[in-house]
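Hi there,

Here is the structure I promised to pass on. Have a look at it first, and then read on for what turned up.

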Amino acid sequence: MSLVAFSLVLFTYYSVWVIVLPFVDSDHVLHQYFLPQEFSVILPAVAAVVALLCIGAFTVVLMWKNRKPKKVD
């Protein structure tokens, strides 16, 4: 349940940051709660690269553990 709540908060924060914030004046108090707009592209890209690296490492470990030794004649 806590993972669902965390995901909901993260989704809401990111949605407001990317969709609503560009239409709010830059001197509004709402801007102090969010990172600069450049990070709205950088952070998901870094998260995607890390996720792909983890999936690749997991696949390599599984393939390495399940390899069969060569038969020696």
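To start with a question: is Tyr13 buried, partly exposed or exposed? Tyr13 has a relative accessibility of 33%, so this residue counts as partly exposed, since the buried class stops under 20% and the exposed class begins over 50%. Please keep in mind throughout that this is a predicted model.

First, the overall picture. The protein chain contains 2 helices and 0 strands. Its radius of gyration is 21 Å, whereas a compact globule of 73 residues would have one near 11 Å. The C-alpha trace spans about 75 × 30 × 15 Å along its principal axes. Of the 73 residues, 7% count as buried. The accessible surface of the protein chain is about 6,800 Å², and carbon and sulfur atoms account for 75% of that area. As for charge, there are 5 positive and 4 negative side chains, with 41 Å between the centres of the two sets.

Now for the aromatic residues. Searching the whole structure gives 3 aromatic pairs. One of them is formed by Tyr13 and Trp17; this pair is tilted, with 6.1 Å from centre to centre and 45° between the planes. Both residues sit in helix α1, which covers residues 2-20, and they are 4 residues apart, about one turn of the helix. While Tyr13 is partly exposed, Trp17 has a relative accessible area of 2% and is therefore buried.

Tyr13 also pairs with Phe34, and here the rings are stacked: the centres are 4.8 Å apart and the angle between the planes is 25°. This pair links distant parts of the chain, as Tyr13 belongs to helix α1 and Phe34 to the loop between α1 and α2, 21 residues apart. Phe34 has 13% relative accessibility, so Phe34 counts as buried. Taken together, Tyr13, Tyr14, Trp17 and Phe34 make up one aromatic cluster.

Moving on to the other helix, α2 covers residues 39-65. The unreviewed UniProt entry lists residues 42-64 as "transmembrane region". In the model that span is 100% helix and 0% strand, and its end C-alpha atoms lie 33 Å apart.

Where does Ala57 lie? Ala57 is in helix α2. With a relative accessible area of 42%, Ala57 is partly exposed, because that value falls between the 20% and 50% cut-offs. From Ala57 to Tyr13 there are 44 residues in sequence and 30 Å in space, C-alpha to C-alpha.

Best wishes

Notes
Residues numbered from 1 in each chain as written. Predicted model: local features only at pLDDT ≥ 70, side-chain atom pairs only at ≥ 80, totals over all residues. Heavy atoms only, no water. Phe/Tyr/Trp six-rings, centres within 6.5 Å; stacked < 30°, edge-to-face > 60°. Buried < 20%, exposed > 50% of the residue type's maximum accessible area, 1.4 Å probe, protein only. UniProt positions renumbered as here; feature names shortened; annotations may be inferred. Rg over C-alpha atoms; globule rule 2.2 N^0.38 Å. Areas by Shrake-Rupley, 256 points an atom, 1.4 Å probe, with all protein chains shown as cover. Lys, Arg positive; Asp, Glu negative; His and termini not counted. Charge placed at Lys NZ, Arg CZ, Asp CG, Glu CD.
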